[in-house]
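Please open the structure in your viewer and keep the selection tool at hand.

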Amino acid sequence: MKSHAKVVVVGGGVVGCSVLFHLARHGWTDIVLLERDELTSGSTWHAAGGMHTINGDPNVAKLQKYTISLYKEIEELSGQATGVHLTGGVLLAATEARLDWLRGVVAKGRYLGIDLEEISPDEAAELMPLLDPKQFVGAVRNKEDGHLDPSGVTHAYAKAARKLGAEVERFTKVEDIVRRADGLWRVITNKGEVVAEHVVNAGGLWAREVGRMVGLELPVLAMEHMYLITEDMPEVAAWNQKTGTEIIHAVDFDGELYLRQERGGMLMGTYERANKPWSELQTPWNFGHELLEPDIDRIAPSLEVGFRHFPAFQNTGIKQIINGPFTFAPDGNPLVGPVRGLPGLWVACGVMAGFSQGGGVGLALSNWMIEGDPGADIWAMDVSRYGDWATMAYTNAKVRENYSRRFSIRFPNEELPAGRPLKTTPVYDLLSAKGAQWGVAYGLEVPLWYAPEGVRDEFSWRRSSDFEHVAKEVRTVRTSVGLSEISSFAKYRVTGAGAAAWLDRLLACKLPKPGRMTLAPMLKQDGRLIGDFSLANLGSGNSSGEGWFLAGSGIAEQYHMRWFEAHLPQDSSVHIEALGARLTGLSIAGPRARDVLAKVTRADVSNAAFPFMATARMDIGMAPCLVGRVSYTGDLGYEIWVAPEYQRAAYQTLMAAGEDFGIGLFGARALNALRLEKNYGSWAREYRPIYGPLEAGLDRFVAYGKETDFIGKQAALAERQQGGKLRLRAFVVDAADADVIGDEPIWFDGAVRGWVTSGGYAHHSKTSVAMGYVPKEIADEADGFEVELLGKRYTARVQPTPLFDANLKRMRG
Ligand SMILES: Cc1cc2nc3c(=O)[nH]c(=O)nc-3n(C[C@H](O)[C@H](O)[C@H](O)COP(=O)(O)OP(=O)(O)OC[C@H]3O[C@@H](n4cnc5c(N)ncnc54)[C@H](O)[C@@H]3O)c2cc1C
């Protein structure tokens, strides 16, 4: 075994081997994979070997498509058979709601280049002879489904990597990982030590234990999973003989089952409701090529449905039941990327569909390590989407929920209950008493809307029970004044002698003067967005030295801290901290917002003294606050930042003062309706690391001419000169009873040319709005656009100026 390597990959399952292969293919060959046993000794060897392109997140779906396309290449490179059978498959719906969901999947496939087609149950039965068409209302055909040999694929990755110069050490157990003073990592094994620049935790079933070696508690948990294999079936033999082809894959969502042919019989697997975690606290190191005891009672309810939906199963015997463990993150997507605070330490774990996702994970990780960027939008898999709040108990609750809902529909207005409430702010019970219906962002409870007694969300793809109540909240803001809880923003304080110079290089905007705020796009080296913030200068130039205040997307706190810390100067001249729950927020907005504020503070908040984008410390009642004159509603408004111990007092003071002006509460859904009629985008929807500032319409906040060579400047200048490829546009949609939620295709002149990033109903303007990206060549066309919604196309028109307050009178007045 070598004593030094550029990269050590820990774990020789399908994921570790894919990472090794991708690093080697990218040209890094001073790399070694350490496996404590034989390759495939974790979850990999007993997988059912199914693969498919469909995923709830379109960017993960793209990486799944890539994974499937890769198998031919690694087979040729390695000479090792992968056993890939691209049979195609059918996705089955037994209810209308499921069919609506599947139509959304088909629509998404159109702009992702995934070949999906809605078919009738009878057509499905012609393709998959074992199903009873009477049990279903519709189906979708997917040509890119198939299965493979899990061990063959893993060895093919490893052999191909070795051919390119990588090394694989089997029976080499990593026992500890220690960071040296010079930043290199000591990887200590039962056979000696390797010193490495980078270490990748691809420990699969033992990813938690490997994480703990460096003080990391990763949010992953293994679950038991069962599939059965039948005896040979005459129906299968007859079909094979008649058509010369295998029986194709089927996913029966309402039965919570997946099926495929296995030799002369069938394989049927299920994600059962009564699920069971495995090794909740610690995975035993002596677990190897073993299976768990099957528990047929647990899967009996699913099998019952399966035998009804696929009657031939009633006449066959079960040859074998496989029960094996594999790991999940709380949302079921992988955990990939560099770990904040541990330079050179990477994770590639929590991969629950290794044969659909392993290739994409390896590609993204190798790009990231070698190029400094994953090369794709992998937010849905980024390890930084979780923070310290994702504790072991939280993970346990969420993984169990996610497993049991693997094939369930999640409606756009459906909030999942497990692991909640976890983080709450001091006004939580006060808002609950007013009917707050809660959602969650980065572990924190967020009020979505306020329901009258007895009214709750009815889950639906269409406008629902909240519609008129959200409309009322919007009306309150636009006609008098509304108050909302805004603690879910991420808040950062930047201090130190070097803070201004550092921010000037980090952010693409011009720095604001003391007492002023600005919108601040943050770019990567390739000129694409990696963040958008509001930046306030709290008097950096004066003796109080309060420094700078940044507010940004709450869900991206860890993501942004990783970026900030990676770019801090070595000389300790800059200090940045995420304030998290140590700073809470309230916002008031609407034409009477100033009247309310004036009533509760001695500060002069007149338009002349405290204009748009001003910021100042002031007391609200007795509570010391930081107030910024800005509002995401696009109305006259104020963001109020307050220490949690004062939040209740500030809230009660504002509500009492607002009574005379008709103050009311509004939640995140009303805020969405309000920002849509201002064409305001938001992080993780309109603003993502695949778009340039010009494309995203944020170029007006980029100080292209500033002297400082800010990160991404050259690329941003090039984008401005060449015009980029896409444009973000707001569309008014002639929708009837449903609004877009995001990821719907945008059609132009009869072809899919773009995609929706978000949308909804703009209650004040009384119209349905969609925001999305289209090619710049067509972005300003007056006619020809349509948005596909629940299987139908609706006319959409570009809305070039905001529907509300286009001349900014309300916001700045
Ligand atoms: C019953 C069942 C059916 C499944 N069906 C499918 C399917 O149809 N399609 C699909 O895509 N997925 C399926 N899966 C899931 C699939 O198996 C996993 O997604 C995949 O195996 C994860 O691979 P991995 O490399 O991350 O982890 P693992 O396979 O667990 O590999 C981790 C490796 O790391 C090694 N290791 C850990 N710690 C150390 C250490 N300290 N030192 C050295 N080596 C170490 C382990 O020995 C192991 O070999 C199924 C899983 C099960 C259980």
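Select Lys173 and Trp285: Lys173 lies over the face of Trp285, 4.5 Å from the ring centre. A charge is counted as sitting over a ring if NZ of Lys or CZ of Arg is within 6 Å of the ring centre and within 35 degrees of the ring normal. Next, select Arg793 and Trp747, where the charged end of Arg793 sits over the ring of Trp747 at 3.7 Å from its centre.

This is a predicted model, in which local features need pLDDT of at least 70 and side-chain atom pairs count only at pLDDT 80 or more, while totals for chains, interfaces and linings use all residues. Residues are numbered from 1 along each chain as its sequence is written, and side-chain values use heavy atoms, with hydrogens and water left out.

Turn now to the aromatic pairs, of which a search of the whole structure finds 34. Rings of Phe, Tyr and Trp (its six-membered ring) pair if their centres lie within 6.5 Å; planes under 30 degrees apart count as stacked, over 60 as edge-to-face and the rest as tilted. Select Trp346 and Trp368: their ring centres are 6.2 Å apart and their planes stand at 75 degrees, so the pair is edge-to-face. Trp346 belongs to strand β19 (residues 345-349) and Trp368 to helix α9 (residues 354-371), so the pair ties together parts 22 residues apart in sequence. Helices (H or I, at least four residues) and strands (E, at least two) are DSSP runs, numbered from the N terminus. Both Trp346 and Trp368 are buried, that is, under 20% relative accessible area (1.4 Å probe, protein chains only).

Then select Trp389 and Tyr394, both of them buried. Their rings form an edge-to-face pair, 5.3 Å centre to centre with 80 degrees between the planes. For an aromatic cluster, select Trp101, Phe253, Tyr258, Tyr271, Phe326, Phe328, Tyr403 and Phe407.

Of its 47 residues, Tyr492, Val494, Leu507, Leu550 and Phe564 touch the most other members. A second, separate core has 46 residues, among them Cys17, Leu33, Ala161 and Met381. In soluble globular proteins, nonpolar side chains tend to be buried together.

Methods. Buried means under 20% relative accessible area, exposed over 50%, partly exposed in between (1.4 Å probe, protein chains only). A nonpolar core is a set of buried Ala, Val, Leu, Ile, Met, Phe, Trp, Tyr and Cys residues joined through side-chain atoms within 4.5 Å.
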